[in-house]
Amino acid sequence: DSMDDISIELPCGVVRCQVDEVMVTVQMGRASFEPSQVPCSEEMIFTPLPVGEVVLPLTAVGLGNPHCVVFLETDIDAFPWREWGESLESSPLFPNRTNVQFARVLDAQTIEVRVWERGAGETAASGSSACAVAAAAVRLERCDGTIRIQMPGGDLEVTVGKDYGLILRGPVAYVGRMTYEAE
């Protein structure tokens, strides 16, 4: 088993990744609930706010990109979550628009999630969305430690540290060989 360490420089900083034959582990930085870090117009920690005809509990999370997590108590697909996601994506609460996650806590280590990605709509799976949901679940004391995030596109594992530092772990699949040229 060989393990490769990879560093990727992003606008929000350097992200460290470890890749072995079957899994990748990524240091995802730290989640923030501060409005200026999301960004959003006000702190939202399970805050009931109107979305169309309903009031939903919103939790805003910043990860270098904005997220709005909505926890539901029963089957996510029984709700019009796509409509809610589209509405929340462009809500005035989020000046840069937002990714929206609908989550149902199954137990202290497992959360089922649907993702509405800003600019893309319904998305089968998302690493930053998985991290946002896990951070929000820990902030709300619904889960702790390492959490399995179940999405239609596959499962990811997120470990949330005491300072909301995030480690994302998921499967690796070969998709092809690519050559990068500077120009």
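The accessible surface of the protein comes to about 10,000 Å². Carbon and sulfur atoms account for 49% of that surface. The model is a predicted one.

**Overall build**
- The protein contains 2 helices and 12 strands.
- Read from the N terminus, the order of elements is β-β-β-β-β-β-α-β-β-β-α-β-β-β.
- Along the principal axes, the C-alpha atoms fill a box of roughly 50 × 40 × 30 Å.
- The radius of gyration is 16 Å, which agrees with the value near 16 Å that a compact globule of 183 residues would have.

**Burial and contacts**
- Of the 183 residues in the protein, 43% are buried.
- Taking contacts between residues at least 6 apart in sequence, 56% join residues at least 24 apart.

**Charges**
- The protein carries 13 positive and 27 negative charges.
- The mean positions of these positive and negative charges are 3 Å apart.

**Thr 110**
- Strand β8 covers residues 110-117 and includes Thr 110.
- Thr 110 counts as buried because its relative accessibility is 13%, and buried means under 20%.
- Its side chain makes a polar contact with the side chain of Asp 107, at 3.0 Å.
- Beyond its neighbours within four places in sequence, Thr 110 is in contact with Arg 104, Val 105, Ile 147, Arg 148 and Gln 150.

Key
Residues numbered from 1 in each chain as written. Predicted model: local features only at pLDDT ≥ 70, side-chain atom pairs only at ≥ 80, totals over all residues. Heavy atoms only, no water. Helix = DSSP H or I, 4+ residues; strand = E, 2+ residues; numbered from the N terminus. Rg over C-alpha atoms; globule rule 2.2 N^0.38 Å. Buried < 20%, exposed > 50% of the residue type's maximum accessible area, 1.4 Å probe, protein only. Contact = heavy atoms within 4.5 Å. Areas by Shrake-Rupley, 256 points an atom, 1.4 Å probe, with all protein chains shown as cover. Lys, Arg positive; Asp, Glu negative; His and termini not counted. Charge placed at Lys NZ, Arg CZ, Asp CG, Glu CD. Polar contact = N/O pair within 3.5 Å; in protein donor to acceptor, adjacent residues only side chain to side chain.
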